[in-house]
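I opened this entry to record what I looked up on helix packing and nonpolar cores. The structure is shown first, and my notes follow.

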Amino acid sequence: MLDLAALVERWAARRPRQLAVVTATKSLTYEELMGRARDERAAGCVRPRSRRGLVASDAAEVAVALVASVMADGGLLMLDPAAPAPEVQREQARFGCGTSSDLPAGLGLTTSGVTGEPRCV
């Protein structure tokens, strides 16, 4: 069985300064990608073996969230940043991601907010 988290960790350890994510507006090395993914886990944005919804249009932020979720053996539900809040909440409930109102603060839901940067709520 392939352990994706271990594979990414090994790749990052061998090539920490190599570009891992490149978008029109930013780039992340493997070292930066893994550091940000670990920071998300440490901040409580990702819980082991849980699902979370992500509302983000920035591909680099999506990559960070995906790696953090894989490292936690969890799932990531991509939610449309242009969708109305009731629709996002319906999708969260449908896929068992919960909503910000029924999860402890800082857990489960990540949102782009006003700045476009994902954060825990």
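I began with the helix pair H2 (residues 30–42) and H3 (residues 59–71) in this model, which is predicted; the two helices pack at an angle of about 60°, with axes 8 Å apart. I noted that H2 and H3 cross in a right-handed manner. On the H2 side I listed Leu 33, Met 34, Arg 36, Ala 37, Arg 38, Glu 40 and Arg 41 as making the contact. From H3 the contact residues are Glu 61, Ala 63, Val 64, Ala 65, Val 67, Ala 68 and Met 71.

I next looked up the largest nonpolar core, which has 17 residues. Val 21, Leu 28, Leu 33, Val 67 and Met 71 have the most contacts inside it. Helix H1 (4–14), H2 and H3 are the elements that each give two or more residues to this core, and H3 supplies the largest share, 6 residues.

For Leu 33, I set aside residues up to four places away in sequence and found that it touches Ala 20, Val 21, Leu 28, Ala 63, Val 64 and Val 67.

I then followed Leu 79, which is found in strand E4 (residues 75–79). Is Leu 79 buried or exposed? Leu 79 counts as buried because its relative accessibility is 6%, and the cut-off for buried is under 20%. Beyond four places in sequence, I listed its contacts as Gly 53, Leu 54, Val 55, Ala 56, Val 88, Glu 91 and Gln 92. Of these, I checked Glu 91: its C-alpha is 7.8 Å from that of Leu 79, at a separation of 12 residues in sequence.

Key:
Residues numbered from 1 in each chain as written. Predicted model: local features only at pLDDT ≥ 70, side-chain atom pairs only at ≥ 80, totals over all residues. Heavy atoms only, no water. Axes fitted to C-alpha atoms, helices over the stretch in contact; angles between N-to-C directions. Helix = DSSP H or I, 4+ residues; strand = E, 2+ residues; numbered from the N terminus. Left-handed = near helix turned anticlockwise from the far one by under 90°. Contact = heavy atoms within 4.5 Å. Core = buried A, V, L, I, M, F, W, Y, C linked by side-chain atoms within 4.5 Å. Buried < 20%, exposed > 50% of the residue type's maximum accessible area, 1.4 Å probe, protein only.
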